[in-house]
Amino acid sequence: MSVGRAAPAAPYRCDPDLSRGRRFNEPPSRHRSAFRRDCDRVIHSTAFRRLKHKTQVFIFHEGDHYRTRLTHSLEVAQIARALARQLGLDEDLTETLALAHDLGHPPFGHAGERALDACLKDHGGFDHNAQSLRVVTSLERRYPAFDGLNLTWESLEGIVKHNGPLMGRDGKPLGPYAAHGLPIGITNYNASHDLELSSYASLEAQVAAISDDIAYNAHDIDDGLRAGLFTIADLNAIPLIADLNGRIVSRFPGIDEARHGAELVRELISYWIESAFSETMWRIAGAAPQTVENVRHADGPLVAFNPKARAAEQAIKAFLWEHMYRHERVVRVMTEAEGVVADLFERYSRHPDDLPADWAHGDVDGDEEAARRIGNFIAGMTDRYAITEHQRLFDSTLELR
């Protein structure tokens, strides 16, 4: 099958008609599948709308054309649907997971996450993946019969473990959680609604995860070029990009820098999609899954880049780390942003009446619940609202530029 053509429905896809259902029973929709309904609920959530003013790399007021968490999520969804279509997977579930994967991110990107994690270190810390689960299971309050969005089990599973199992079959935490254990928000939820944290997620979730990598590597190159943090010539230090640049110049002699950068991003996205498709089909052929349960209990992930593409991706990540994420301009702004988050947390902790009325009042069982409530409030803030709140509560606020 050629890349780009829709494949027949695969037997190992997540079938919405065979969903494990929702935590709170609801009558099925007459017009939408269970996974399409999940996707629509994510799109209509307040947390999704707030992503439009949450940092990807650059603070929202640094320019109208840089990615935000919202535009990043849309780009992930576009790539993920393309891959899911080629692999015969459920596109609606894939889109749901692509759009929901960053719902738990606080303002100011990873800087805000670091700051909140430090503020909550005595209360379980902060993890954006756990916060995404918290958003869709409790913090969204739009329905009269339940808190959260009441998504299907398959959507919740994909949100929590799209990057792989969170613990081994021996019950020990894996990966980033090996040192300090699973986030409290995940363990507490899982105790009452088992998401089977020791198994892999569906292929739909794995596709959303690799599409996240494709999207942010490609668009961070685009944004870095736009910001003047590096040039097309600088990128030639990466063999894959040097090869692609050579082809672009050969096809379009005299192309200007802006158009060259846009063409490079398109070429990179196509390259990674084709690599992921071919490697995934090869792994599926070897594992021969017949059901989604076979996928969950496979010996490893089935969606991946081939070794050459993985090496190129790692080289690009290393380049971006040195030339973009650790660039003096970006580091300075993010350090100042961490200070804004820390200031707000400390202020609300000492003066809870400074919180909006619906967050300041109500029963709070001890310091831990109070701290977590403040963390939830700050995590939901946009960059703009966090800056506005800091200006309201403090005599001076840095411009973060």
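## Crossing of H1 and H4

In this predicted model, helix H1 passes helix H4 in a left-handed crossing. The axes of H1 (residues 34–43) and H4 (residues 91–100) come within 8 Å and cross at roughly 25°. That makes H1 roughly parallel to H4, because angles under 35 degrees count as roughly parallel.

From H1, the residues Phe35, Arg36, Asp38, Cys39, Val42 and Ile43 meet Asp92, Leu93, Glu95, Thr96, Leu99 and Ala100 of H4. Sorted by class, this contact of H1 with H4 has seven nonpolar, one polar and four charged residues.

## Largest pocket

The largest pocket has a volume of about 1,300 Å³. It is lined by 48 residues, of which His110, His128, Asp212, Asp213 and Tyr216 are the closest to its centre.

Helices H3 (69–87), H5 (109–119), H6 (128–139), H7 (153–161), H9 (203–227), H14 (307–325) and H15 (328–350) each supply at least two residues of this lining, and the largest share, seven residues, comes from H9. By class, the lining of the largest pocket has 22 nonpolar, 14 polar and twelve charged residues.

## Second largest pocket

The second largest pocket holds about 1,000 Å³ of space. Of the 38 residues that line the second largest pocket, Arg134, Leu139, Arg141, Trp359 and Asn376 are the closest to its centre.

At least two lining residues each are supplied to this second largest pocket by H2 (46–50), H6, H8 (184–192), H16 (357–360) and H17 (366–379), with the largest share, eight residues, coming from H6. The lining of the second largest pocket has 14 nonpolar, twelve polar and twelve charged residues.

Conventions:
Residues numbered from 1 in each chain as written. Predicted model: local features only at pLDDT ≥ 70, side-chain atom pairs only at ≥ 80, totals over all residues. Heavy atoms only, no water. Axes fitted to C-alpha atoms, helices over the stretch in contact; angles between N-to-C directions. Helix = DSSP H or I, 4+ residues; strand = E, 2+ residues; numbered from the N terminus. Parallel < 35°, antiparallel > 145°, perpendicular 65-115°, else oblique. Left-handed = near helix turned anticlockwise from the far one by under 90°. Contact = heavy atoms within 4.5 Å. Nonpolar A, V, L, I, M, F, W, Y, C, P; charged D, E, K, R; others polar. 1 Å grid on protein atoms, 1.4 Å probe; cavity = no way out; pocket = protein on both sides within 12 Å on 5 of 7 lines; lining within 4 Å. Points joined across faces, edges and corners; volume = space filled by probe spheres on them.
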